[in-house]
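Hi,

Here is the structure I promised to pass on. Have a look at it first, and then read on for what turned up.

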Amino acid sequence: MMFPSKPQLIERDITYQTTSLKQTLEFAKVDEDVFAVMTTQIPATIATQVTQVEQMLKNTLLRQANTTQFNLVKDATSRIGPAGQAKQVTQDYYLSLPESKKVMRVRWLIRPAANDFVNLYQVSVIRTGQSSQLESLLSQENIAIFFDEFRPN
């Protein structure tokens, strides 16, 4: 992963139905911007439910932002594996966080992992700004590179 500065790491467990899922959050702060990658490990026993776990994470994010929907959803592509390999179609979600006067761009990616696990990655950037500037604030070069060059280890 290519963070713009040295990342910090937080680990925790979350529960999906009756299954405990390991979640790690790596983030780096550059000026007022926060670049983050949250990885949720989905065990083989519920790997077929990864889209339901993704929906749970989206709903949690919306609830934390005190809203019921994202401000904007745009189609995007993400590389799979090393440079030059296939691209995966995905979507970027944009969210205004008016209470903190910040805006957020987030993308979820699903990748196979060892032992038939599946990793669900939440790649995001949070920065100061207003919802009227949502897309332009979250499309600047350093942010575009962070999203477009993300390839899990």
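Strand E1 (8-16), strand E2 (19-30), strand E3, helix H1 (50-64) and strand E7 (118-128) each supply at least two residues to the lining of the largest pocket. Helices (H or I, at least four residues) and strands (E, at least two) are DSSP runs, numbered from the N terminus. The largest share of that lining, five residues, comes from H1.

Before going further: this is a predicted model, where local features need pLDDT of at least 70 and side-chain atom pairs count only at pLDDT 80 or more, while totals for chains, interfaces and linings use all residues. Residues are numbered from 1 along each chain as its sequence is written, and side-chain values use heavy atoms, with hydrogens and water left out.

Back to the pocket. It holds about 450 Å³ of space, and of the 21 residues lining it, Arg12, Leu25, Met38, Gln64 and Gln122 are the closest to its centre. A pocket here is an open set of points on a 1 Å grid over the protein atoms alone, where a 1.4 Å probe fits, with protein on both sides within 12 Å along at least five of seven lines; lining residues have an atom within 4 Å of a point. The volume is the space filled by probe spheres set on the points, which are joined across faces, edges and corners.

Next, the largest nonpolar core. A nonpolar core is a set of buried Ala, Val, Leu, Ile, Met, Phe, Trp, Tyr and Cys residues joined through side-chain atoms within 4.5 Å. Buried means under 20% relative accessible area (1.4 Å probe, protein chains only). This core has 21 residues, and Leu21, Ile42, Leu61, Phe70, Leu95, Val106 and Trp108 touch the most other members. H1 gives the most to this core, with five residues. A second, separate core of 17 residues includes Val37, Leu138, Phe146 and Phe150.

Valine 37 lies in strand E3 (residues 33-42), and counts as buried because its relative accessibility is 1%.

Is arginine 105 buried or exposed? Arginine 105 is buried, because its relative accessible area is 7%. This residue is found in strand E6. A polar atom of its side chain lies 2.7 Å from the backbone oxygen of leucine 138.

Technical notes
Buried < 20%, exposed > 50% of the residue type's maximum accessible area, 1.4 Å probe, protein only. Polar contact = N/O pair within 3.5 Å; in protein donor to acceptor, adjacent residues only side chain to side chain.
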